[in-house]
Amino acid sequence: MLVNCGQNRRSVLRAVYNRRSMSSNLPIQHGVSLRHLNTFGVDALAHSYLELSDWSMLPALRNDLLLRQLPRLVLGGGSNILLTADFPGLVLQMQLRGITVVRQDAEATIVRAAAGENWHDFVLWTLAQGYGGLENLSLIPGSVGAAPIQNIGAYGAEVEQCVESVRVFDFDSGEVVALTRAECAFAYRDSIFKHGMRERAVILDVSFALPRNWQPNTRYTELAQELESRAIATPSARQISDAVIAIRRRKLPDPAVIGNAGSFFKNPLIPAAQRDALLLQHPQLVSYVQPDGSYKLAAGWLIDQCGWKGRNLGAAGVYEKQALVLVNRGGATGAEIWRLAQAIQADVMVRFGVQLEAEPVLI
Ligand code: EPU
């Protein structure tokens with residue numbers, strides 16, 4: 001596979017593609033570097049590349065006999081992806097913009113945001129309008145369109161709690177379809193957009209139901225402690241957002257400074273019997289009981305116990321303040337980061353008998 005970017009590779013790709021006659025009038029480019037379009041800062045090429053600034057480009061794409069056959073990859077903020085090689089198909093760079101208040105009823109304000117809006121800017125916009133609901137999810141990198149795919153979550157909240165519906169362009173039918181929250185099949189860092197709809201749907205916009213009767217959600221211990229340290233007993237949505245931003249800035253690396261994709265692994269879910277056995281061997285084990293009686297383990301703790309925190313393998317490393325975050329120390333390839341991830345998975349398996357699952361989409 002071609003992994004390192006170079007002028008040669010780019011011109012070869014351009015030449016190959018230009019020989020084929022593309023019938024659509026879409027402004028497709030070839031051999032485009034994705035380095036600035038993924039938060040790991042990994043250098044990989046898109047064989048074909050289209051900036052999706054208008055959703056009517058999608059039917060045109062579907063009607064093009066050649067283009068419709070290419071593998072597709074939609075990139076929003078590129079904050080939940082690891083490019084281990086060049087992408088041998090068409091990258092759609094999501095640039096749809098716009099925020100609209102759709103309606104207001106006794107229960108909620110329905111706000112629709114286009115997929116290409118920056119997530120954190122959108123959260124700040126809702127707070128500036130006086131709409132609470134998304135404040136616990138402040139400062140998560142990425143775009144609005146990516147939020148439902150992995151059901152982003154932090155500090156005691158998951159985006160599914162506020163999703164009213166998600167509109168997608170369905171490549172199978174060629175139609176725009178609205179999926180209800182139930183149809184999105186949300187779960188921990190998971191949704192239908194990682195499974196049944198993965199190949200066929202391009203998310204166009206997301207509608208959020210933001211409660212009129214807003215209540216603060218301060219159940220997450222670290223958030224409660226942060227508010228307490230600020231002597232805030234009855235926080236506003238804005239104050240919760242400020243506290244979350246402060247915690248994240250303290251613990252998580254800023255992708256603009258050091259390449260990363262947030263948590264690299266999901267916190268594993270295991271049966272109660274397995275957790276009880278592990279607890280006997282490791283009394284410090286960090287685990288959280290789930291509504292169905294299973295347990296969620298803190299993957300960061302497992303990795304930390306294996307001695308990986310702060311260590312590097314080549315130019316890929318484990319962040320020194322949070323073992324769940326893998327970082328690009330400078331010039332790492334996606335394959336190098338993936339090798340580090342696999343070494344960690346192997347160690348955690350040997351020591352704890354637990355399989356860690358990667359959170360970002362692997363290409
Ligand atoms: N821990 C360690 N060592 C570490 C990291 C964590 O011992 O290096 C222990 C901590 O002491 C704590 C426990 O693990 O007891 C959990 O750590 P933390 O509260 O930091 O949360 P997390 O499980 O590591 C999850 C999400 C984050 C989210 C935070 C806060 C996942 C995979 N990650 O992290 O989400 O911000 O909770 O809610 O669920 C993301 O998905 O990209 C992400 C950053």
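**A ligand and the residues around it**

Tyr155 is found in the loop between strand E8 and strand E9 (157-158), where helices (H or I, at least four residues) and strands (E, at least two) are DSSP runs numbered from the N terminus. The structure is a predicted model, in which local features need pLDDT of at least 70 and side-chain atom pairs count only at pLDDT 80 or more, while totals for chains, interfaces and linings use all residues. Residues are numbered from 1 along each chain as its sequence is written, and side-chain values use heavy atoms, with hydrogens and water left out.

Tyr155 counts as buried because its relative accessibility is 9%, buried meaning under 20% relative accessible area, exposed over 50% and partly exposed in between, with a 1.4 Å probe and protein chains only. The phi angle of Tyr155 is near 50 degrees, a positive value in a residue other than glycine. Arg189, which lies in the loop between strand E11 (175-180) and strand E12 (201-211), also has a positive phi of about 50 degrees although it is not a glycine. Most residues other than glycine have a negative phi. With a relative accessibility of 13%, Arg189 counts as buried.

Both residues belong to the surroundings of the ligand: 25 residues surround the ligand, and the closest are Tyr155, Tyr188, Arg189, Tyr220 and Lys251, a residue being near a molecule or strand if one of its heavy atoms lies within 4 Å of it. In the shell around the ligand, 11 residues are nonpolar, 6 are polar and 8 are charged; here Ala, Val, Leu, Ile, Met, Phe, Trp, Tyr, Cys and Pro count as nonpolar, Asp, Glu, Lys and Arg as charged, and the others, Gly among them, as polar.

Which elements each supply at least two residues of this shell? They are strand E8 (153-154), helix H5 (237-251), strand E13 (259-263) and helix H7 (299-305), and H7 gives the most, with 3 residues. At the level of domains, whose bounds come from an automatic or database domain assignment, the shell draws at least three residues from each of domain 2 (99-227) and domain 3 (259-362).

An N or O atom in the side chain of Arg189 is 2.8 Å from an oxygen atom of the ligand, a backbone N or O atom of Ser263 lies 2.8 Å from an oxygen atom of the ligand, and a polar side-chain atom of Glu359 lies 3.0 Å from an oxygen atom of the ligand. Taken alone the ligand exposes 820 Å², and the protein buries 82% of that, with accessible areas coming from the Shrake-Rupley method with a 1.4 Å probe.

Turning to the whole protein, there are 8 helices and 20 strands, and the C-alpha atoms fill a box of roughly 65 × 55 × 35 Å, taken along the principal axes. Of the 363 residues, 52% count as buried. Among them is Leu134, in the loop between helix H3 (119-128) and E8, which counts as buried because its relative accessibility is 1%. The C-alpha atoms of Leu134 and Val177, 43 residues apart along the chain, are separated by 24 Å. Val163, in strand E10 (residues 163-170), is buried as well, with a relative accessible area of 1%.

Notes: A polar contact is a pair of N or O atoms within 3.5 Å; within protein, one must be able to donate a hydrogen and the other to accept it, and residues adjacent in sequence count only if both atoms are side-chain atoms.
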